[in-house]
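Welcome! Please take a look at the sequence and the structure below, and then let us walk through them together.

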Amino acid sequence: MQRGLKILTVAFSVLVVAVLLAIFAFRSPVKRPEPSQGLRKTWQVALCYPDLKASRLVKVSISISAVSERRLIEELLERLKNPEAPDLSPALPSGVRLLSFQREGDILVLNLSSEFTQPDFWQGSDVAHLRLQAIVYTLTSLPNTRAVRFLVNSQTPEALGGHEELSEAIEPDPSLQP
Amino acid sequence: MRFRLNITVAFLLALLGVAVAQTPTKLLVLGETFSDLPVFWDAEEPLAPVGSWLAALKLRWAVRDDGIEFETPNRFKFFWSKASTVVTVNGRNVEVTPLYQRDDVFLVPLVSLARALGLTAIVNPERKVVKLASPLKSVEASRVDLGCLVSLVFGYPLPTFPKTGVLRQPDRAYADFVGAALGSMNLPSPPESLPLTNFRLGQFSDDPLIVRFVADANAPLSIRVMGRELTKDGGEKWHLILQPAENRSQWFGQVLLKENNPTRAIFVLVGRLESKLDIRRETNTLVVAVPMKPVFAPDFSAQGDGLVKNAFLASEGDEARLVIELSEPANAYWQIEGDLGIAIVIEAASPRQKQVRLVVVDAGHGGKDPGAMSPQRGDKPRLIEKDLTLDIAFRLKRLLEGAGYKVLMTRTDDTYVPLPERVAIANGAQADAFVSVHLNSYPQPGGQWGTEVYYWTPQSYPLAESIYRHLLALLGRKGNGIRRRQLYVVRHTTMPSVLVEPCYLNHPEEEELLRSEDFRERIALAICRGILEFFGDLRVLERRGE
């Protein structure tokens with residue numbers, strides 16, 4: 001009887017240790033390897049462009065492989081400058097560069113170079129709105145991204161073309177759903 | 001010793017159990033996503049606490065001590081208790097897991113709920129995802145006078161109207177049903193006498209769930225929603241009409257009560273109705289004359305404790321009259337409702353009646369922001385948008401003041417006023433209307449011309465429509481449409497507000513017109529007439545012969 005009790009006690013102790021180890025193992029943060037050249041990830045993205053008449057947005061679904069999210073965003077910005085199809089128009093001025101980016105919850109904050117606010121590119125209410133929304137729709141197709149905030153040289157820029165306010169994060173305009 | 005060990009082990013196992021049970025779950029309810037819901041997974045099926053996610057199913061529910069009373073959108077009531085293993089929904093007995101109660105909160109078994117309501121439950125325990133979708137149960141197609149009528153039956157009412165559209169090369173039309181899941185079924189063949197070649201169905205998206213119906217054709221098609229019916233078993237039937245694109249004949253599918261709140265109600269006249277609707281007001285009754293009878297019976301199922309007390313459709317020969325009885329006096333107007341048809345918007349009359357109306361006139365751009373500029377043409381000076389908008393704004397101010405209005409301008413000289421400041425001026429003054437004056441520009445000079453008016457809130461549409469109509473009448477330019485856009489100034493102002501783009505500064509012909517004072521005066525007069533018509537004061541100008 002005494003021996004049986006001892007065996008039961010040892011068995012319980014082993015179980016307790018196992019459960020504790022399991023809990024700690026689940027709670028320990030998993031260290032992910034830093035992205036490297038050899039480690040590419042593929043994203044499904046919906047690129048959006050204004051059509052040539054600037055009357056609506058057109059969606060092009062693609063998958064992009066990149067080694068990091070920064071590279072992915074740079075790639076998207078490049079593609080937004082130069083649509084492949086002839087019936088689409090660019091959504092970003094040429095020459096814009098991504099200086100940095102960060103995430104604030106589900107808001108993607110882009111810090112762009114000063115070419116972004118080039119006045120000629122943002123003339124006309126609807127053209128400007130469609131172009132800006134093309135960028136927003138494209139970037140909010142990334143996982144966990146609800147809205148986009150724009151900075152230029154780390155500063156909040158003035159209204160874009162006199163039509164679009166950039167002091168707050170911009171969400172997709174539902175009336176333009178491509 | 002043994003007692004102590006037992007307590008420790010039991011405590012640890014309980015901790016582990018709670019940790020596993022409360023893993024955040026993503027719950028997709030028809031078209032809506034609920035993340036991080038504390039769904040419990042340690043039972044026979046996932047359980048979600050009673051909460052707002054039930055509203056996504058358009059359910060009404062009342063929590064009682066011993067269970068929950070539900071009412072479906074089809075008005076079926078059923079009671080689900082802590083002891084129920086069977087609930088009766090619309091005369092149908094459905095086996096369910098009893099409700100679970102924890103800390104006075106009822107947890108609803110999700111698979112059982114789906115079974116009771118006629119939904120499909122897609123459960124992924126590894127990824128902690130549960131999807132409740134309305135299953136597509138059947139598709140029928142038949143040839144009718146107007147074209148091909150396609151009817152799709154779903155197991156449960158969908159959250160929104162389907163989105164329809166057409167695509168070219170090859171020609172095809174589609175309808176997207178949000179919140180739906182594809183089941184196995186036989187698709188009918190298209191009627192032969194139309195340019196239709198094939199029907200297809202697919203699960204277009206998994207998050208949100210969207211079923212896409214596609215009609216392939218060998219010529220351009222048009223597709224429109226024609227009507228909706230709630231089925232006797234708690235489901236929903238959507239009718240689509242497919243026609244050759246060149247067919248522009250009028251038709252009237254159905255009248256639906258889309259919204260019925262204490263301050264606002266919306267009827268939608270589904271169809272292609274070209275003529276302007278005549279809305280007549282008789283004390284607390286509105287009578288809307290419609291030029292033809294609808295194909296389907298009216299759907300007033302949204303009727304509740306709102307502004308609309310009662311509504312019925314009366315036929316008179318080939319025509320129909322929609323009679324709406326209101327709980328209090330209200331204003332009504334009609335507006336285009338996307339591809340669906342025409343909406344009749346009814347709004348409770350505002351208690352505040354001002355003696356003098358205040359309009360905020362916003363001259364676009366200014367100061368360091370010149371706006372658009374015309375291209376250099378010979379010796380002519382380039383036109384600058386900020387100068388012209390200010391000129392037109394001053395003209396508009398003079399005309400409005402002449403009609404007895406108060407006018408506040410967001411700028412009176414060449415200064416830069418940030419957009420939030422322009423909005424603050426209008427909102428702070430509690431203006432009755434806001435009009436932002438701009439001149440358009442197109443990336444390729446000369447590539448576009450004509451008139452556009454932008455608005456955002458539904459209350460702004462009548463103002464936009466009125467100004468647009470007068471701009472077209474007085475300027476004679478091409479009408480590019482009244483567009484709903486989230487432009488900053490029309491989005492953030494709280495009164496009816498529009499942004500007007502009467503013409504293009506970088507189109508050669510319109511640039512020449514803008515150089516003329518007479519043309520700029522006509523722009524101001526058209527905007528003024530639009531505002532006055534919106535407020536029902538147009539006769540002031542007409543009396544003066546302007």
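Let us begin with how chain B is put together. Among its contacts between residues at least 6 apart in sequence, 62% join residues at least 24 apart, where contact means heavy atoms within 4.5 Å. This is a predicted model, in which local features need pLDDT of at least 70, side-chain atom pairs count only at pLDDT 80 or more, and totals for chains, interfaces and linings use all residues. Residues are numbered from 1 along each chain as its sequence is written, chains are lettered from A and ligands numbered from 1 in the order in which they are written, and side-chain values use heavy atoms, leaving out hydrogens and water.

**The two chains**

Chain B has nine helices and 34 strands; helices (H or I, at least four residues) and strands (E, at least two) are DSSP runs, numbered from the N terminus. Of its 546 residues, 53% count as buried. Here buried means under 20% relative accessible area, exposed over 50%, and partly exposed in between, with a 1.4 Å probe and protein chains only.

Chain A has 178 residues, and buried ones make up 46% of them. Its secondary structure comes to three helices and five strands, which follow the pattern α-β-β-α-β-β-α-β along the sequence. In chain A, 62% of the contacts with a separation of 6 or more are between residues 24 or more positions apart.

**Where the chains meet**

How many residues of chain B are in contact with chain A? There are 35, and they touch 36 residues of chain A. The area buried between the two chains is about 2900 Å², with carbon and sulfur atoms giving 59% of it; this is the accessible area (1.4 Å probe) that two parts lose on being put together, summed over both.

Three salt bridges are found across this interface, a salt bridge being a side-chain nitrogen of Lys or Arg within 4 Å of a carboxyl oxygen of Asp or Glu. B:Arg485 forms a salt bridge with A:Asp126, and their closest N and O atoms are 2.8 Å apart.

On the chain B side, the elements giving two or more residues include helix H1 (2-21), helix H4 (419-428) and strand E33 (479-484). H1(B) gives the largest share of that side, six residues. The residues of this side divide into 17 nonpolar, nine polar and nine charged. In this grouping Ala, Val, Leu, Ile, Met, Phe, Trp, Tyr, Cys and Pro count as nonpolar, Asp, Glu, Lys and Arg as charged, and the others, Gly among them, as polar.

| Residue | Relative accessible area | Class |
|---|---|---|
| B:Cys503 | 0% | buried |
| B:Cys528 | 0% | buried |
| B:Asp104 | 70% | exposed |
| A:Asn153 | 43% | partly exposed |
| B:Lys128 | 18% | buried |

B:Asp104 sits in the loop between strands E9 (100-102) and E10 (105-109) of chain B. Its C-alpha lies 9.0 Å from that of B:Asp65, although the two are 39 residues apart in sequence.

B:Ser436 belongs to strand E31 (residues 433-437) of chain B and is buried, at 0% relative accessible area. Its side chain makes a polar contact of 2.6 Å with the side chain of B:Asp362. Beyond residues up to four places away in sequence, B:Ser436 touches B:Asp362, B:Val489, B:Val498, B:Leu499 and B:Val500.

In chain A, A:Arg149 lies in strand E5 (residues 147-152), and its side chain is in polar contact with that of A:Glu104 at 3.1 Å.

**Backbone details**

A:Asn153, in the segment after E5 of chain A, has a positive phi of about 50° although it is not a glycine. B:Lys128 is not a glycine either, and its phi is positive at about 55°. The peptide bond from B:Asp207 to B:Pro208 is cis, with omega near 0°, and B:Pro208 is found in the loop between strands E17 (196-206) and E18 (209-217) of chain B.

Key
Polar contact = N/O pair within 3.5 Å; in protein donor to acceptor, adjacent residues only side chain to side chain.
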